[in-house]
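User: I am new to this structure and would like to learn how to read its features one at a time. Could you take me through them slowly?

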Amino acid sequence: MSAEIPGQKEDFRRLLEPAVQGERVTVLMAAFEGWNDAGDAASDALKYLHRLWGGKRVAVIEPDEYYDFQFTRPEVRRTNSGARKIKWPVTKIAKATIPGTTVDVIFVHGIEPSYRWRAYTAELLAKAAQLNVNYVLLVGALLADVPHSRPIPVTATCEDPELRERLNLQASEYEGPIGIVGVMNELSQLAGLPTVSLWAAVPHYVAQSPSPKASLALLNKVEDFLQVSLPTGDLTEDAQAWERGVNELAAGDAEIAAYVRQLEEAKDTVDLPEATGESIAKEFERYLRRRGSDQP
């Protein structure tokens, strides 16, 4: 993934301006558990939105052709009636409407497939076409050398030249192994769907899930992207508790504490040019949106 550029401005609101006033816009948001989802940050962020907006399942992708069940095993669960039922690793596709807007959201949540990634993505994009998707927003999380005590970096990239210029984003400069999110990004572009990727950087020394601070950082970017207000108070408390817990762990290990200080110094040096009016203004805009949504 490419690094964020200090001072980079992301005017996401222009993306969702319908061609005709009042026309509905449909955004597909996808996250996949596994290699693309450090600390479960991306999938937890989408689960939060699914619950918040009352997503209803509209389709699934069956797993038989795409998974190694010795690696991604089905599970036996109890139903509400007490009966035993096998839960297969299907890819769930749900639809929701953001209250008070003309934006519909298609949620895609699954586990990274074992086989036939191109066929899997083609099937997923065929369902997106049936659901009249206009834009794709891919959400991922990766392990990185970042300190837990600073804001979690989230990189936004776009490969579509027109959309990239309109949003003042950057193309990804990453080269190397990719996951299903990378395949989805390229094939969505080939299918003519403007696509933006959001990646949160999770501190590699606290890679276990959950990672609420990274999920919150992704949701803040989604707020900017969709120009909506999200009631993230509970998640903010979880993120603060998570940071306090990591602080306590680091305090008990001199080597880790020294390493964290080294990361903090490097991060503060890089972020110094951004500690200006723009970052403050962006946070103030988010505050005003949330305040406005609380008005009767």
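User: Which residues form a positive surface patch?

Analyst: A patch is made of residues with over 30% relative accessible area and no salt bridge, like charges being joined within 9 Å and nonpolar side chains (Val, Leu, Ile, Met, Phe, Trp, Tyr) within 5 Å. A salt bridge is a side-chain nitrogen of Lys or Arg within 4 Å of a carboxyl oxygen of Asp or Glu, and Lys and Arg count as positive, Asp and Glu as negative, with His and the chain ends not counted. Here the positive patch consists of Lys47, Arg51, Arg57, Lys87 and Lys92. This is a predicted model, in which local features need pLDDT of at least 70 and side-chain atom pairs count only at pLDDT 80 or more, while totals for chains, interfaces and linings use all residues. Residues are numbered from 1 along each chain as its sequence is written, and side-chain values use heavy atoms, leaving out hydrogens and water.

User: Is Arg57 buried or exposed?

Analyst: Buried means under 20% relative accessible area, exposed means over 50%, and partly exposed lies in between (1.4 Å probe, protein chains only). Arg57 counts as exposed because its relative accessibility is 52%, and this residue is found in strand E2, residues 56-61.

User: Which residues of helix H4 are buried, and what covers them?

Analyst: In H4, which spans residues 180-190, the buried residues are Ile180, Val181, Val183, Met184, Asn185 and Ser188. Their cover includes strand E1 (25-33), helix H2 (117-130), strand E7 (135-144) and strand E9 (195-203), where contact means heavy atoms within 4.5 Å. After H4 comes Gly192, with a positive phi near 85 degrees.

User: Is Lys221 buried or exposed?

Analyst: Lys221, found in helix H5 (residues 212-226), is buried because its relative accessible area is 11%.

User: What share of the whole chain counts as buried?

Analyst: Of the 296 residues in the protein chain, 43% count as buried.

Technical notes:
Helices (H or I, at least four residues) and strands (E, at least two) are DSSP runs, numbered from the N terminus. Accessible areas come from the Shrake-Rupley method with a 1.4 Å probe; for residues, only the protein chains shown count as cover. The place of a charge is taken as NZ of Lys, CZ of Arg, CG of Asp or CD of Glu.
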